[in-house]
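Morning, everyone. Please bring the model up on your screens, and let's walk through it together.

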Amino acid sequence: MTATLTRTVGTPTSKTSWLPRLIPGVVRLNRTALISVVHQVGHPRAIILAGEVFNGTLYSVSTYAFYLPVLVAVFIGAPLFARSLETGTFRFAWTQGVGRRRLVATTLMVFVLELTVLSFPLGIVLSRLWFDLSPQFPGLWTNHVFFTDPWMMAFSSAIGLLAGALLGVVFRRVLTALAATTSMMIAIYLWAIMFPFFQETLLWFVKRMPSSYPGVPLENGNFLAHYDDSSVNIYLTNRSGHVMSMNQFNSQIYPKLPQAQKLALNQNAAPEFHRLGLQEWQGSLFHSQFHGFLMMWIGFGIVTVIALVVAIFALIGGNDRLLLRRRRL
Amino acid sequence: MTSAVQIEAVSRRFRRCTALRSVTATIPSGSVTALVGSNGAGKTTLLNLVTGLLTPSTGAISLFENLAPGSLEALGRVAYVAQDGPVSTSRTVGDAVHIARSFNTLFDLDSAVVRLQRLDIDLKQRVSKLSGGQRAQLAITLALARAPELLVLDEPLSSLDPIARRDLLGELMGHCADSGMTIIFSSHVIAELEKIASHLVLIKDGEAVVAGEIDELLEHHRIFTGTAAEAGLVHDGHGSVISQAHPLTLAPRVIRFAVPPTGNALLVPVTLEDLAYAYLEHSTSGSGGPTT
């Protein structure tokens, strides 16, 4: 490696060439962590998961997709800046000619790019596995285990990385950052597995989205938006097409339903819906809000990514311009 | 003479303490400035402010007349060698050189490699395997390869052996003479500072108690060799006592004069070491700012 040292710089290069010049240095500086990303995203694990899928544990596909941002946040994001802040090597890196903001931006960019390049295909693989086992869905892009969607994989990984990096910058100690990131992820996980609370939270978002397709009409004038035949997920809309929570449904709509529909809902049986005349219901017939779920989460992801990046740069500080005009005394 | 660094009433507060209090100093271009102070006096904080790693709580610092520390224009002209662990220890020396080259527009790779070879530092060796002195030399090599106009060194001599220390000081003097580089360095080895430093900034408890050209400072200070009774005759109305020979004798040891004294047998010239120790031991405060 060191035998390749050559004289390349004698005069200043143009001011626009900082990024291509900086990337090799960032890659070299973070080589171990970048290799670790490959391990974390873990294509071999996807193969193991594939075996689990074909053995019938279908939801393990989305389980891995859920754990991916946790792994990235704890093991990649948290130590990303915390290590150099703890050991003092940031004093070297941040006083180099390139400037600390550009250095931090390029470091984040390299990791996000790597995560995207690795997790996006993994998302396609996982979605494909789901699709193969759920042929009622007409295509790969209507996969409703949205955690395994390729875009979601990329966004959730990026959010994990940035969240871990932010905590690393806040705590400036590797072990503390690891512990804080793990705690945060456990808190999110607990929130997610507390299903009613999770569902109500999601509905809080969904209810604020406009509806363009009301769903299947029920006899009381409301609409069945989405019926999930493998769980108790039932989404209903009111007459104006806004999704109602289960509590609202139970108190306001359910008592007014005919007995047959009540029975069908209680039994959670799709064929009963068909028999009752809800012929429009198909696996592909998702309510627009549910179609919007993915986009909503991607939108949420974009906002989260921007907020995390802004927070990281606010904590990193610096006086060198990245996007802003230069500051003079 | 233009100034490389202009520090104006700079204070820096941290959560629980104030590291610097209204420090004012001017570091001329092409000078070698020694930053002296006891442990925890605020030397590293001041250097971090000059390099833009920290921002002042109050006051202002300008580099090269009009540049803000940490700005891209300033970073391209300033190199900093921090006191502890400046280079990632998990990499090889060659990696560190490549990284530094990648992070800078101007980087003389040849001179860096030649200097490391001269110091017998193998490019394939891991930084973690280097001795403290070799790590310091590596950091200094990377800084010098950037051909900075301002070189900031935080206690660069502390981990070097006497020969390496002498060679480094000579090398730095050579750079100063050849390129007009300005050097600021903090150190506890005051006797060696005297050989190369042209200016002194002495910090005590976060305040710059002395700042100025060393020759001028030495001219205005004298060691008093008489008794306490004779002291008043010597300095009364003309100078102020900086330190005492012994608390019980009340005899002054170092006296600062407004006008350089001449022809007094009780006064002998001070060395930089005497001067520094006198101010570091000086217990009174509120002198109204640094002596210049």
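This is a predicted model: local features need pLDDT of at least 70, side-chain atom pairs count only at pLDDT 80 or more; totals for chains, interfaces and linings use all residues.

Let's start with one helix. Helix α7 of chain A runs over residues 150-171, which makes 22 residues.

Is it mostly covered or uncovered? Mostly covered: 19 of its 22 residues are buried. Look just past its end. There, A:Arg172 takes a positive phi of about 60°.

Now zoom out to the whole of chain A. It comes to 13 helices and 4 strands. The chain has 329 residues, and 36% of them count as buried. Take the contacts in chain A between residues at least 6 apart in sequence. Of those, 74% join residues at least 24 apart.

On to chain B. How many helices and strands does it have? There are 10 helices and 13 strands. Chain B has 292 residues, and buried residues make up 50% of them.

Next, where the chains meet. On the chain B side, 41 residues are in contact with 35 residues of chain A. Which elements of chain B supply at least two residues each? They are β4 (58-63), α2 (72-75), α3 (93-102) and α4 (109-118). The most comes from α3(B), with 8 residues. By class, this side of chain B has 19 nonpolar, 16 polar and 6 charged residues.

Follow α3(B) across to chain A. It packs with helix α1 of chain A, residues 18-29. The angle is about 150°, and the axes are 8 Å apart. The crossing of α1(A) past α3(B) is left-handed. Who makes the contact? From α1(A), we have A:Arg21, A:Leu22, A:Pro24, A:Gly25, A:Arg28 and A:Leu29. From α3(B), we have B:Asp95, B:His98, B:Ile99 and B:Ser102. By class, that contact has 4 nonpolar, 3 polar and 3 charged residues.

One more residue in α3 of chain B: B:Gly94. Is B:Gly94 buried or exposed? It counts as buried, because it has 20 C-beta neighbours inside 10 Å. Its C-alpha atom and that of B:Leu116 are separated by 10.0 Å.

Now the domains of chain B. The domain assignment gives domain 1 as 3-212 and domain 2 as 220-281. Their contact takes 10 residues from domain 1 and 6 residues from domain 2. On the domain 1 side, the elements giving two or more residues are α7 (190-196), β8 (199-204) and β9 (207-213). Of these, α7(B) gives the most, with 4 residues. By class, the domain 1 side has 7 nonpolar, 1 polar and 2 charged residues.

While we are at β8 and β9 of chain B, look at the loop between them. B:Asp205 lies there. Its phi is near 50°, a positive value in a residue other than glycine. B:Asp205 has 16 other C-beta atoms within 10 Å, so it is partly exposed.

Another one to find is B:Glu155. It is in the loop between β6 (150-154) and α6 (162-179) of chain B. B:Glu155 is not a glycine, yet it has a positive phi of about 50°. Why does B:Glu155 count as buried? Because it has 20 C-beta neighbours inside 10 Å.

Last stop: helix α1 of chain B, residues 43-50. All 8 of its 8 residues are buried, so this helix is largely enclosed by the rest of the structure. Those buried residues include B:Lys43, B:Asn48 and B:Val50. Just after α1(B), B:Gly52 takes a positive phi of about 85°.

That's the tour. Questions, please.

Conventions: Residues are numbered from 1 along each chain as its sequence is written. Chains are lettered from A and ligands numbered from 1 in the order in which they are written. A residue is buried if 20 or more other C-beta atoms lie within 10 Å of its own, exposed if 12 or fewer, and partly exposed in between; C-beta atoms are placed from the backbone. Two residues are in contact if their C-beta atoms, placed from the backbone, lie within 7 Å. The expected span of a helix is 1.5 Å times one less than its number of residues. Ala, Val, Leu, Ile, Met, Phe, Trp, Tyr, Cys and Pro count as nonpolar, Asp, Glu, Lys and Arg as charged, and the others, Gly among them, as polar. Axes are lines fitted to C-alpha atoms, for helices over the stretch in contact, and angles run from 0 to 180 degrees between N-to-C directions. A crossing is left-handed if the near helix is turned anticlockwise from the far one by less than a right angle, and right-handed if clockwise. Domain bounds come from an automatic or database domain assignment.
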